[in-house]
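Subject: Structure handover

Hello,

Please find the structure below. My notes on what was found in it follow.

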Amino acid sequence: MKNIKKNISFIYLFIGTFLIFWFLFSLMMPKANNISQPKVEEPKEKRIEMIRLSAIGDSLTEGIGDTTSSGGYIPLLQKDLSAEYPVDVFQAENFGKSGDRSDQILKRLKKNENMSKSVKDADVILLTVGGNDLMQALQPKLFGKISIEKMEKPKKVYLDRMQELYDEIRRLNPEAPIYQLGIYNPYYLTFSEIPELQDIVNFWNKSSQEFVNEQGNAYFVPINDDMYQGLKDGTVSLESAETTSDSGVVNGLISPEDTVHPNNQGYQIIANAFELKMGATKKEWLK
């Protein structure tokens with residue numbers, strides 16, 4: 001009996017001593033650092049070094065009416081595209097010439113080595129054409145009754161010229177998307193008594209759009225609805241405030257200098273239209 005009690009006391013002493021040593025040992029052990037999960041880095045946005053824009057066409061490409069003399073819609077489009085897309089540089093070359101019809105643009109494209117090289121190397125081709133072709137068709141009819149029926153033959157001539165122009169562009173550059181701007185009616189407000197003019201502009205645009213839709217990797221950029229009524233809120237821009245028409249109405253998006261070409265705000269509208277269409281088809285050039 002005495003031996004049992006002695007053994008139990010020994011066991012209690014052993015357990016107590018073990019617990020004391022374990023407690024002291026745990027205090028002396030350095031605490032393990034929290035195991036942190038490795039940071040997962042988000043993939044960096046893939047950036048493109050350069051997108052080349054080749055702008056060819058008439059006075060809307062040259063930038064007539066732009067009081068900054070910096071190239072009309074082109075620098076505005078460059079700025080907007082740079083803010084929107086992961087591209088280091090949107091390089092643009094301007095080969096616009098005021099007064100050029102489609103056949104004259106084609107002639108320059110064939111003869112001007114810098115222009116043809118620009119189109120050949122381009123990732124995107126911007127084209128303004130058609131307004132001067134329409135003016136050539138309308139001139140003989142200005143003192144008579146104008147109608148869509150009288151535009152059928154000139155339209156065919158224009159579309160034949162356009163096919164030659166597109167064929168030459170595609171010979172130089174088979175792959176780059178082409179964005180062709182429509183035409184607008186700058187006289188809608190100033191000559192509201194001639195509604196036939198708006199009908200003819202719509203007819204010309206419709207024919208151009210149908211033609212562009214038949215071409216490969218080409219896109220028509222409508223602009224008339226954004227331009228012909230001026231500023232949508234009915235205000236007059238500062239640039240046009242001092243100019244009035246015979247009817248006392250001005251288009252706040254048209255230059256007061258010649259009442260035909262866009263002013264600075266008008267060119268921003270054009271840049272917006274190009275950007276919208278390019279954004280909708282970015283898979284064709286953002287590669």
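Leu-172 touches Leu-109, Ser-116, Val-119 and Lys-120, leaving out residues up to four places away in sequence; contact here means heavy atoms within 4.5 Å. Leu-172 belongs to helix α7. Helices (H or I, at least four residues) and strands (E, at least two) are DSSP runs, numbered from the N terminus. With a relative accessible area of 14%, Leu-172 is buried. The cut-offs are under 20% relative accessible area for buried and over 50% for exposed, with partly exposed in between (1.4 Å probe, protein chains only).

The model is predicted, so local features need pLDDT of at least 70 and side-chain atom pairs count only at pLDDT 80 or more, while totals for chains, interfaces and linings use all residues. Residues are numbered from 1 along each chain as its sequence is written, and side-chain values use heavy atoms, with hydrogens and water left out.

Along the chain Leu-172 and Ser-116 are 56 residues apart, yet their C-alpha atoms are separated by 7.2 Å. Ser-116 sits in helix α5 and counts as buried, at 16% relative accessibility. Apart from neighbours within four places in sequence, Ser-116 is in contact with Leu-109 and Leu-172.

Next, the pair of helices α4 and α5. The axes of α4 (residues 102-111) and α5 (residues 113-121) come within 5 Å and cross at roughly 90 degrees. That makes α4 roughly perpendicular to α5. Axes are lines fitted to C-alpha atoms, for helices over the stretch in contact, and angles run from 0 to 180 degrees between N-to-C directions. Angles under 35 degrees count as roughly parallel, over 145 as roughly antiparallel, 65 to 115 as roughly perpendicular and the rest as oblique. On the α4 side the contact is made by Ile-105, Arg-108, Leu-109 and Lys-111, and on the α5 side by Glu-113, Met-115, Ser-116 and Val-119. These residues divide into 4 nonpolar, 1 polar and 3 charged. In that count Ala, Val, Leu, Ile, Met, Phe, Trp, Tyr, Cys and Pro are nonpolar, Asp, Glu, Lys and Arg are charged, and the others, Gly among them, are polar.

Helix α7 (residues 152-172) has 21 residues, which at 1.5 Å a residue should span 30 Å; its end C-alpha atoms are 31 Å apart, which agrees. The expected span is 1.5 Å times one less than the number of residues. Buried residues of α7 include Tyr-158, Leu-165, Ile-169, Arg-170 and Leu-172.

Arg-170, also in α7, touches Glu-175, Ala-176, Pro-177, Ile-178, Gly-216 and Asn-217, not counting residues up to four places away in sequence. A polar atom of the Arg-170 side chain lies 3.0 Å from the backbone oxygen of Gly-216. A polar contact is a pair of N or O atoms within 3.5 Å; within protein, one must be able to donate a hydrogen and the other to accept it, and residues adjacent in sequence count only if both atoms are side-chain atoms. Arg-170 and Val-119 are 51 residues apart in sequence and 9.2 Å apart in space, C-alpha to C-alpha.

Glu-284 lies in the segment after α10. Setting aside residues up to four places away in sequence, Glu-284 touches Pro-177, Asn-217 and Tyr-219. Between Glu-284 and Pro-177 there are 6.5 Å from C-alpha to C-alpha, with 107 residues of separation in sequence.

Helix α10 (residues 264-280) has 17 residues and should span 24 Å at 1.5 Å a residue; its end C-alpha atoms are 25 Å apart, which agrees. Among its buried residues are Tyr-267, Ile-270, Phe-274 and Met-278. At the start of α10, a side-chain oxygen of Asn-263 reaches to within 3.0 Å of the backbone nitrogen of Gln-265.

Two residues are listed for their phi angles. Most residues other than glycine have a negative phi. Ser-69, not a glycine, has a positive phi of about 55 degrees; Ser-69 is in the loop between α2 (59-62) and α3 (73-84) and counts as exposed at 66% relative accessibility. Thr-259 also has a positive phi, near 55 degrees. Thr-259 is in the loop between α9 (224-227) and α10 and is partly exposed, with a relative accessible area of 36%.

For the chain as a whole, the secondary structure comes to 10 helices and 5 strands. Of the 287 residues, 42% are buried. Among contacts with a separation of 6 or more, 76% are between residues 24 or more positions apart.

Regards
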